[in-house]
Amino acid sequence: MTISVTTAARVPVALPIVDEVPESRLLRVARWGCYATAGALPLYTVRWHYGPLPTTLLETLILLTVAAYVIARLSRGIRRPLPTAYDIPIAVLLVAGAISVVVATDHRGALGLYRAYFLEPVAIFYVAIDVLRRTEHVQRLILAFAAGSSAFAVLNLAVFYQALVANAVHVGAAPDALYGDANYVAMYMEPPFAFAAALVMLSQTWRWRIVGAAWLALVGAALVLSFSKGSYVAIAALALLAIVTVRRWRYPIAFAIAGALVIATQVPLLMARLATITSSLSGRGEVFSATLQMLREHPVFGVGLGGYTYQFRGRMSTLYHHDIWLTFWVELGILGVIAFGVILFGLLWRGWRAWPQSQGFNRAVLWGVLGALVLWTVHGFVDSPYWKNDMSVEFWILAALQVVTLRVARRN
């Protein structure tokens with residue numbers, strides 16, 4: 001609904017009204033559920049069963065949030081989600097996922113992955129783009145995201161310290177909390193790192209810059225100590241992006257990069273990790289070759305969700321393909337990889353097109369979203385971001401933040 005205001009020149013100006021009527025208590029519950037979900041992403045590791053059905057704490061939060069939202073909207077007679085530019089590729093992605101459940105050998109396991117990686121994250125996306133209506137709503141979600149990722153970073157730093165004191169740090173399998181694999185920690189930490197950097201560089205108040213600096217210090221330390229070489233390359237790409245897009249920070253960033261390189265040469269653990277680059281590239285080549293052979297045998301529908309496994313060098317089973325595009329193709333087929341590509345590059349294209357006109361806190365949020373997507377795109381060449389419970393929800397929260405930010409900017 002809009003109202004028209006007549007200016008002195010008698011030109012009607014349309015002003016959007018977001019809350020014509022007081023919103024229901026359940027809608028506010030759904031909004032706070034979005035905050036809780038953003039802060040609790042690592043808690044998918046807290047698991048239990050409802051009878052034969054497995055679940056997680058993260059999933060329970062999502063279901064409660066979606067239930068509150070659906071009941072609130074149905075009580076107002078609203079039966080369709082807000083439209084976005086991504087509705088068609090999202091529908092195609094969900095159809096590809098449904099097909100992959102049928103294609104998979106283990107239908108029950110595939111259905112669980114489909115629910116956790118696609119249905120629930122997409123549901124949170126549609127809830128978030130509706131209930132996050134103002135800049136202060138976005139700010140609260142960012143604070144929740146910062147609190148959750150910072151707490152998780154502290155846990156990882158504590159575990160690393162204990163291993164360091166016990167002389168038990170192995171750079172090939174860095175100590176980590178909850179996840180069991182430091183690479184998963186690194187990929188989860190990359191979007192918080194981008195948002196923290198955005199707050200430091202682009203916030204207009206010292207309060208938000210202090211929040212960003214503290215956040216950056218914690219998640220940055222946890223990210224570095226994950227010893228993820230893919231993350232190191234992605235961070236270098238993010239630094240280059242910051243130099244190009246936030247020009248007043250180009251000299252501080254350049255000095256920071258130079259200082260980091262000097263310090264890295266004095267840290268034996270980091271140098272030992274970087275010395276394994278050649279063997280890692282060789283291993284990736286072997287996995288990629290096996291995956292491409294699998295795609296030649298199943299080019300259209302892939303092998304279904306959870307259907308990929310590769311006995312890496314006869315010693316360990318590799319469940320993911322260490323490349324985000326190969327993962328989508330093998331798991332969801334050609335339809336799924338195309339749909340995801342349209343969504344990801346659509347977010348990047350619309351975001352960067354709006355970037356020059358963005359202002360205020362929206363500018364920091366938009367850069368944070370775009371920086372996070374760039375990190376995952378770069379890291380995705382050597383690993384599989386998105387393909388965990390936390391990261392799939394994280395991706396759709398990023399997408400929702402961009403949709404909301406651009407909507408608020410247009411309204412302003």
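Which helices do the buried residues of α3 pack against? That was my starting point today, working on a predicted model.

**Entry 1: α3**

I got my answer: the buried residues of α3 pack against α4 (107-131), α12 (324-354) and α14 (389-411). Then I checked the helix itself. α3 spans residues 87-103, 17 residues in total. From first C-alpha to last I get 24 Å, close to the 24 Å expected at 1.5 Å a residue.

Next I listed what is buried in α3: P89, I90, L93, L94, A96, G97, S100 and V101. They cover an arc of only 160° around the axis, so they sit on the same side of α3. The spacing rule I keep in mind here is that an α-helix has 3.6 residues a turn, so residues three or four places apart point the same way. On the other side of α3, I found I88 and V102 exposed.

**Entry 2: N362**

I looked up N362 and found it in helix α13, residues 360-379. Buried or exposed, I wondered, is N362? N362 is buried, with a relative accessible area of 8%. Skipping its neighbours within four places in sequence, I see N362 in contact with T135, T405, V408, A409 and N412.

**Entry 3: α1 and α5**

Last, I took the pair α1 (residues 25-39) and α5 (residues 135-165). Their axes come within 7 Å and cross at roughly 30°. An angle under 35 degrees counts as roughly parallel, so that is what I call α1 relative to α5. The crossing is right-handed. On the α1 side, I noted R31, C34, Y35, A38 and G39 making the contact. α5 brings H137, R140, L141, A144, F145 and G148 to that contact.

Terms used
Residues numbered from 1 in each chain as written. Predicted model: local features only at pLDDT ≥ 70, side-chain atom pairs only at ≥ 80, totals over all residues. Heavy atoms only, no water. Helix = DSSP H or I, 4+ residues; strand = E, 2+ residues; numbered from the N terminus. Expected span 1.5 Å × (residues − 1). Buried < 20%, exposed > 50% of the residue type's maximum accessible area, 1.4 Å probe, protein only. Arc of directions from axis to C-beta. Contact = heavy atoms within 4.5 Å. Axes fitted to C-alpha atoms, helices over the stretch in contact; angles between N-to-C directions. Parallel < 35°, antiparallel > 145°, perpendicular 65-115°, else oblique. Left-handed = near helix turned anticlockwise from the far one by under 90°.
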